[in-house]
Amino acid sequence: MDRESEELLKELCPGLEITKSGKAWITRSDKALAKTTQARDLYPVVDFTRGEGPWIYDLAGNQYIDVTAGVGVRALGLRHPGIIEYERRIQSYIREVPGQDFDILPQTLLAERLSAIAPGNHMKKVFFTTSGGRAVEAAVKSLMDTKHRQRFVAFRPAFHGRTGYSLALTASKHVHKDYYPQGLDVVRAPYPYCYRCPFGQKEGECDLECVRYLRDSIQYEGTDIAGIVFEPVCGEGGILPAPPKFVRELRKIADELGAGLVTDEVQAGLGRSGHWWSIENSGVTPDYICSAKALGVGFAFAACIGPDPMFTEFGRHSETFGAEPYVALLSLAQLHIIIRDGILENVRNRSKQLLSGLRDIQGSTKIIGDVRGLGLMCGVEIVSSSDKTKDNADLRNSLLVNCVKKHGLWIIGAGRNCLRFLPSLNTTAEQIDIILERFAKAVKDTK
Ligand SMILES: Cc1ncc(COP(=O)(O)O)c(C=O)c1O
């Protein structure tokens, strides 16, 4: 943090102490902020005034290469020159125009662009909102409104958000759910976690026992399903790409029941899979696409792309902050840059490099049981060195500490015992080599 930034903070917060000590800020943050998901014993305080591309810094000036992309938020890395240039060109436009109550050009244009890049030639509608959970809730409300049904299918593990209906669909950790009432009727079935198949089958050799289980559950619990909600790549649950044949079965089941198929692309969408939407890996056309995280280029922004009609009447659903001009224009700029710079192709190429490098590292150690992923959404599963079938959360946690604190690899976990690699979509081949080199060293240091 330079002198000018320090002076600015002092001016904005007269009487409050502004120090450069990360330790002091950790204590203050712990005191001032509600307990949520900051792992303060692991991550140092980020210098919010510095950083470029994949490089971030802590307050002490230590540099890290970022493979979290803000858990999928920074599609093009920090301070992308193209985004900065568009920000400069749009900075004088008015911002405070709640898009749900008045029509403004940018949100209509963005809705048209999003509909055009969504699979299927049918007529689509777009609802803008402010978080991934709310994008999912928009799909849920739309399905209830148009189908007059209230029962949904969701999976375990699954993460769809932490509020209301989205929390009801989530099944990731009990801490998310304990004492909060279930807001929706949910028929729950196991997600195809092929490395640990709940039906004891081997990947690629099974008869989709998970689909049979789901069909049975629906028969026992209710066939009046409004929608099937799923992540084509289960993110929080451990970076689990669903086999394409599983996704095709979900489409069949939805069609048989007259239900809608909802793809939660909050983490895996908008180019991260090497295609606009991760469901494209299976060739399936969904009825709803939920997008957030990267869509807002750093702002709280989300969208639900659905069928026409999405809501039956004026006023059935709305939200103050829809797509204000500034964020909608930034989102359009990002889509433009992704196309202009061939970013989807870069994702596909860098994905091969990353997965192959991670598999090489797997070959050199006994603690990596599985390497998997789609596009630049990759995961490694940490297991006990004496038994590949045993997950090892403690070892994963030690590896995380070594990555961040010893080797400058800014990375987060997923599931109970996995690490996730979500680098920015424009990561270069050289940067992937640096990531792999640092990860290999951290693995070597972890016992
Ligand atoms: C797949 C998926 N869906 C929904 C959400 C919830 O998004 P938000 O935190 O913006 O509500 C997340 C957040 O991590 C996610 O990964």
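**Notebook: sheets and a helix pair**

I started at strand 10, which joins strand 11 (residues 302–307) through three bridges, the two running antiparallel. Strands here are DSSP E runs of at least two residues and helices are H or I runs of at least four, numbered from the N terminus. Strands count as paired if DSSP finds at least two bridges between them.

A note on what I am looking at: this is a predicted model, where local features need pLDDT of at least 70, side-chain atom pairs count only at pLDDT 80 or more, and totals for chains, interfaces and linings use all residues. Residues are numbered from 1 along each chain as its sequence is written.

Next I looked up the bridge partners of cysteine 290. In strand 11 its partner is cysteine 304, and cysteine 290 is also the strand 10 partner of aspartate 264. Strand 9 (residues 260–264) pairs with strand 10 in the parallel sense, over three bridges.

Is strand 10 (residues 288–291) buried or exposed on its faces? Both faces are covered, with Tyr288 and Cys290 buried on one side and Ile289 and Ser291 buried on the other. (Buried takes 20 or more other C-beta atoms within 10 Å of the residue's own, with C-beta atoms placed from the backbone.)

I then traced the whole sheet: seven strands, open, in the order 3-11-10-9-6-4-5, with mixed pairing. Strand 3 (124–129) and strand 5 (185–190) are at the edges with a single partner strand each, so one side of each has no neighbour in the sheet. From one strand to the next the twist averages 20 degrees. Strand 3 and strand 11 pair antiparallel over six bridges, and phenylalanine 127 stands opposite cysteine 304 in strand 11.

I found a second open sheet too, with three strands in the order 1-2-15 and mixed pairing. There, strand 2 (residues 63–66) and strand 15 are parallel over two bridges, and aspartate 66 sits opposite tryptophan 410 in strand 15.

Last, a helix pair. The axes of helix 12 (residues 343–363) and helix 14 (residues 429–444) come within 10 Å and cross at roughly 20 degrees. That angle is why I can call them roughly parallel, a label for angles under 35 degrees. Axes are lines fitted to C-alpha atoms, for helices over the stretch in contact, and angles run from 0 to 180 degrees between N-to-C directions. Among the residues that meet are Leu354 and Ile361 in helix 12, and Leu436 and Phe439 in helix 14; contact requires C-beta atoms, placed from the backbone, within 7 Å.

Methods:
Parallel < 35°, antiparallel > 145°, perpendicular 65-115°, else oblique. Contact = placed C-beta atoms within 7 Å. Buried ≥ 20, exposed ≤ 12 C-beta atoms within 10 Å, placed from the backbone.
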